[in-house]
Each structure stands twice: as structure tokens, then as C-alpha cells.
Amino acid sequence: MPAPQGGTWNPKGGTAINRRASNYASNTKEGFEVVSGGQDSSTKPLADEGASPAQPSWMKKQCIGLKDIFVQPLNILLIFVPIGIVAGKMEWGCLTTFLANFIAIIPLAAVLGASTEALAAHTGQMLGGLLNATFGNAVEMIVTINAIRAGLVSVVQQSLIGSILSNLLLVLGMAFLAAGLKTKESSFNAQGAGTNVSCLVLSSLALTLPTVFSYIPETTPEDGVRLSRIIALVMGFVYLAFLYFQLRTHADLFVGEEGEEEGEVDLAVSTSVLMLFGTTLCVAYCSEFLVDSIEGVSEQYGLPYSFIGLILLPIVGNAAEHTTAVTAAYKGMMDLSLGVAVGSSTQIALFVVPFSVIVGWVYDVPMTLDFQAFDTTVFLLSVFIASSILGDGATNWFEGLMLCCTYAIVAIITWFIPAATAPRELLAAPGVSVGSSVFV
């Protein structure tokens, strides 16, 4: 395209960039450079017609990318990251520690989401969503290890189920709502979503059967522990096979829809990975202090333990995925959004849940797959409604609203579940052994 008079054509933005000097001006026209200087003017062929404008250096591009991520109004809350850590270390009180770390996780989640988008632009939306879900679940795995070491089996079980529910209902619903603000109907890769849902159906079966098994007459808690450990190994094998299926043999099934173009990315892959890793460590650190302070806050303000386990802890632990999925959906990257929301649910169900059982095995704590009747029932119904919505490969804001309302119903019910015994008191009750692998 010929350049406008008085400038050279910028192929990226399609705009004219004027360059003026005191004694000369250059114009580009039909392959010739017209140089004007005073009264004289001469025309000569361009030295290199295919020459591109000078690109910024690698370091400058990284600085620009980091500036775009950190120079945001919300990131002023990052000041609460050191405050929350100090509050937890210095034991300033459960309420102060809770509030400081809760606020600190909000901007950290935004930074993690921006870093994931930068990485997804290099690796593709599906792999980018997979990486984000892995980094986000690293927080839950750290919290799971600490909670199991403390003997909080019931809290771990409820928080894991709650994490799946929050991703499958709340995050997915908010993502569909965000996409509905811009488009009447959004499309996504139905084959990839269907495979994830199939894995969730399998995991729901793996969690339901041990729960039903515990009600069979003449079965012992020791049998339930052994059964859970065997099933956990099978689930871990299925997850590894799913990764091989998704990334190697059938990667074409998880290719994103065409037309979801991403903007130019300044951050390199190495910088994005370092950002993801460093931010996840900060989130994990703040989440640990947050979890430690929740029990004290609940005792002072009367929050039900079921509500804490199923609702509060998962929302905090999955803050990174929440931000990324909703932001990506609003920008039209539906496959990245589903890769984070549904993919994270699959990872928790097929990887983090069996991981928690293995951790209990290592620490000689009776962590089982008996997740109680209410939790497994909610899980089954949530997988059912999600599968019915994701089956056609298209969605709208109303379907997102239904998912959010389903999550609200679950949250309301958990608020009214009576908390007869606190988790630590339950583990200290007669007949329960924390240091052995059986309930007696």
C-alpha cells in the first residue's frame, strides 16, 4: 500500500509516522525515496524495499510487557502481600492475617492471569489453559499437604470437592456471562470440552463408589482406606493417559476455534514462565497463612465449617483460575477459558484428589475417597448440568447464569448445614486415629 504523504507506512498499526528534520524530510512513494533539502530535491531508489522498521530489543520488549501487567490500578493491592506474610509470621491475629492475605491474593491472581495469557499466546490456548490450571492447582496441593499433616481430613475432602464445583459452576458460569457481554453466542471446541467432561464423569464414579461402599454391611474403615488407595493409583494412571491423549496422540481434538486472534505479545516464553512460577509461590505462601487463620475467624464469627470447606477455601485457592477464565472469555478466547475452568476441574478430580490420598498414605493419615453423601451427590449433579451445557459447542449468557445460580444454591445449602463438631475436634474424638491408616 502506498504510504501517506509525509511519512512511511507502518505495517503493524496501518498508521503514518511522520519524521521531520530541520533541513530535510523523506517520503516514500512507489519504491522511490524523495529527499528534500532546502531548494534541492532528488529522487533515488530505495536501498531495501523489503526492510522492516527497527524492532525494539528483547530486554525492552520484556520491560514493556511487565509494565503492561504491573502498571494497573488493581495492583496497588500488592502492598498487602508483604503485609499478609508479616501478619502470619508475627501472629498479628487471625482476623488481620485473614483479611491481609485475602486481599493480597486478588492482585496476585490478576498478575498470574496476565502471565498465563502471555504464555498462551506462544503455546496455544489449550496448552496455555493446561499450564495455568497446573500452576493454580499447585497452591491447592501445597495447602492439601499442610492440612493432611495437621490431620484435617474432612477439610481437605470438602475443599477438593468445592474446588471442582467452583471451577465447574461458578468460574464457567461467570466466563459465559462475561462472553455474553460482547457476543450473543460464543462457540468453543466441543470435542475438547467433551473429553474433559468424560474424565469428570469417571472421577465422579471413582468418588461415589467408595462412599457407597462404606454403607455396605460388614465393611470396615480399614477396607475403605485400602480401596481408596487402589482407586487413587488407577485415577493417577488415567490422568497420565489423558495428558498423553491430549498433548500427543489426539492433540488435533483440542485445537482452538479459528478466528480467535491474539494480540502481539511482548513477554517471551521464559519471562512468562518465571512470572507464573514466582506469582504462584506468592499465592501459595499467602494461601497458607489464609488457611491457618480461617479456623480462628470461623470460631469468632460462627461461619459453618461446611461453608468454609466447600465455598470459601475453593474460591480463595482458585482465584488465579477465576481471573484468567473470566478475562479470557471476555476477550473472546473461549477455548483458553474452558481449558482453565473445565481443565482445572479435571486436574483436581483426576490428579489432586488421588494425590491427597497418596499424601495421606505417606504421612500415615486415613485420607479416603469416602467424601460423604452430600458432597458426592452435589458433584454428580454438577457434572450432569455442565455436560448438558457444554455438549453443543456453543453457549450464551443465560447458560452462564444457570451455572452461577446452581452454585448459589449449593452455597446456600452449605451455609445451613449444622456444624456439630469442628474438624480438629472430630479428629481428636474417640475411635479416630490420625497417626494410623484406619478408623477404629
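The model is predicted, with local features requiring pLDDT of at least 70 and side-chain atom pairs counting only at pLDDT 80 or more, while totals for chains, interfaces and linings use all residues. Residues are numbered from 1 along each chain as its sequence is written, and side-chain values use heavy atoms, with hydrogens and water left out.

**Helix packing and helix H11**

Helices (H or I, at least four residues) and strands (E, at least two) are DSSP runs numbered from the N terminus. Helix H5 (residues 153–180) packs with helix H11 (residues 334–362) at an angle of about 175 degrees, and their axes are 10 Å apart. The axes are lines fitted to C-alpha atoms, for helices over the stretch in contact, and the angles run from 0 to 180 degrees between N-to-C directions. This angle makes H5 roughly antiparallel to H11; angles over 145 degrees count as roughly antiparallel, under 35 as roughly parallel, 65 to 115 as roughly perpendicular and the rest as oblique. The contact of H5 with H11 has 18 nonpolar, 6 polar and no charged residues. In this classification Ala, Val, Leu, Ile, Met, Phe, Trp, Tyr, Cys and Pro are nonpolar, Asp, Glu, Lys and Arg are charged, and the others, Gly among them, are polar.

Ala349 also belongs to helix H11 and counts as buried at 1% relative accessibility. Buried means under 20% relative accessible area, exposed over 50%, and partly exposed in between (1.4 Å probe, protein chains only).

The expected span is 1.5 Å times one less than the number of residues. The buried residues in H12 are Asp375, Thr376, Val378, Phe379, Ser382, Val383, Ala386, Ile389 and Leu390. Seen down the axis of H12, these buried residues fall within an arc of 155 degrees, so they line one face of the helix; the arc is that of the directions from the helix axis to the C-beta atoms. Exposed residues Leu381 and Phe384 are carried on the face of H12 turned away from its buried side.

For helix H7 (residues 221–249), 29 residues at 1.5 Å a residue should span 42 Å, and the end C-alpha atoms are 40 Å apart, which agrees. The buried residues of H7 include Gly224, Arg229, Met235, Tyr239 and Gln246.

In helix H2 (residues 80–90), Val81, Gly84, Ala87 and Gly88 are buried. These residues cover an arc of only 130 degrees around the axis, which puts them on the same side of H2. The face of H2 turned away from its buried side carries the exposed residues Lys89 and Met90.

| Pair | Separation in sequence | C-alpha distance |
|---|---|---|
| Glu288 and Gly88 | 200 residues | 9.0 Å |
| Gly113 and Thr323 | 210 residues | 6.1 Å |
| Ala349 and Val201 | 148 residues | 9.7 Å |
| Cys199 and Thr346 | 147 residues | 6.4 Å |

Glu288 is located in helix H8 (residues 269–301) and is partly exposed, with a relative accessible area of 27%. Gly113 is placed in helix H3 (residues 94–123) and is buried, with a relative accessible area of 3%. Cys199, in helix H6, is buried with a relative accessible area of 10%.

**Backbone geometry and a polar contact**

Most residues other than glycine have a negative phi. Glu218, which is not a glycine, has a positive phi of about 70 degrees. Glu218 lies in the loop between helix H6 (190–213) and H7 and is exposed, with a relative accessible area of 83%. Asp364 likewise has a positive phi, near 60 degrees. Asp364 is found in the loop between H11 and H12 and is partly exposed, with a relative accessible area of 32%. Just after H2, Glu91 takes a positive phi of about 55 degrees.

Ser186 lies in strand E6 (residues 186–187) and counts as buried at 9% relative accessibility. The side chain of Ser186 makes a polar contact with that of Thr183 (2.9 Å). A polar contact is a pair of N or O atoms within 3.5 Å; within protein, one must be able to donate a hydrogen and the other to accept it, and residues adjacent in sequence count only if both atoms are side-chain atoms.
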